[in-house]
Amino acid sequence: MRVFKDAALAMGMMIGAAAIGLQATSVSAGPITTPVVVELYTSQGCSSCPPADELLAELASHEDVLPLALHVDYWDYIGWKDEFASPAYTNRQKGYAHVGQRRMIYTPQMVIMGREDVVGANVPAVTSLLKKYNDRPAPIAMQLYDEGDSVRLTATAVQELQEGVPHFVQLVRYAPMRTVSIKRGELAGHTLDYANVVSTLEVIHQWDGTGELDLSVSLDDELRSALLIQAGPYGPIVGAAKLD
């Protein structure tokens, strides 16, 4: 049950009206277009987060957006322990804040392509950033090859990448939808849906940005998978691919 469904409907209408120009792309084989990566830092203990959670679910319907929900643990103390939260995601959010010279972290926060942050429920701002990055040429060219229970990715830089900066290839596993009945805390009594809940995010390869990147990734039967190619641990995301 979506208790904030009216807000979600309004968000969906605004996104559609903005005509951000997202085009569906097949990622099963051949050349692919990098989706716009949206990381939402959220918590089941945050009363202002549900509209942002709904917005992320709306974004999940667009092929050229990779929305990811990373649940943080710093609101667990107020009465409800977020079962999806991980201190690793809190540390990732802190890393972005450090690189961006921001003194605080908050929920709901969206980080777009590892570069810019915005309040997660601010639909006009999110829509504007989606259009900005959808219109921007990708700095690397990628291809995917279906290998049955695994996917092979190749990538080459078509623009000069940051020299001397390691580029980390990160494997993300995420659940398309989870439903939680919250018993305590600020959202006590609500049953909420959470889209694209990140289960794991791990570095699987380091690339210097030169030559061809070539690697294979095993698929998960229960979770969906994606790859992020990111400059430094908390720098710009220069490439991304949905694997299934």
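User: How many salt bridges are there?
Analyst: The count comes to six. A salt bridge here is a side-chain nitrogen of Lys or Arg within 4 Å of a carboxyl oxygen of Asp or Glu. Heads-up: this is a predicted model, where local features need pLDDT of at least 70, side-chain atom pairs count only at pLDDT 80 or more, and totals for chains, interfaces and linings use all residues. Residues are numbered from 1 along each chain as its sequence is written, and side-chain values use heavy atoms, leaving out hydrogens and water.

User: OK, which residue does Asp 117 meet in a salt bridge?
Analyst: Arg 102, with N to O at 3.2 Å. Asp 117 sits in strand 5 (residues 116-119) and Arg 102 in the loop between helix 3 (87-99) and strand 4 (109-112), so the pair ties together parts that are 15 residues apart in sequence. Helices (H or I, at least four residues) and strands (E, at least two) are DSSP runs, numbered from the N terminus.

User: What does Asp 135 form with Lys 131?
Analyst: A salt bridge, with the closest N and O atoms 2.8 Å apart. Both residues lie in helix 4 (residues 123-135), four residues apart, which is about one turn of the helix. Asp 135 is partly exposed at 48%, and so is Lys 131, at 38%.

User: Where's the partner of Arg 152, Asp 214?
Analyst: Their side chains meet in a salt bridge at 2.7 Å, N to O. The pair links distant parts of the chain: Arg 152 is in strand 7 and Asp 214 in strand 10 (residues 213-218), 62 residues apart. Arg 152 has 27% relative accessibility, so it counts as partly exposed; Asp 214 has 38%, so it does too.

User: New topic. Why is strand 3 largely enclosed?
Analyst: Because seven of the seven residues in strand 3 (residues 65-71) are buried, the rest of the structure largely encloses it. Both of its faces are covered, with Val 65, Pro 67, Ala 69 and His 71 on one side and Leu 66, Leu 68 and Leu 70 on the other.

User: In what sense does strand 2 pair with strand 3?
Analyst: Parallel, over seven bridges, and strand 2 covers residues 36-42. Two strands pair if DSSP finds at least two bridges between them. To pick one spot, Tyr 41 has Leu 70 of strand 3 as its bridge partner.

User: What about the phi of Met 113?
Analyst: Met 113 has phi near 55 degrees, which is positive in a residue other than glycine. Met 113 is in the loop between strand 4 and strand 5, and it counts as buried because its relative accessibility is 8%.

User: And where does Asn 196 lie?
Analyst: In strand 9 (residues 191-207). Asn 196 is another non-glycine residue with a positive phi, near 50 degrees. At 6% relative accessibility, Asn 196 counts as buried.

Definitions and conventions: Buried < 20%, exposed > 50% of the residue type's maximum accessible area, 1.4 Å probe, protein only.
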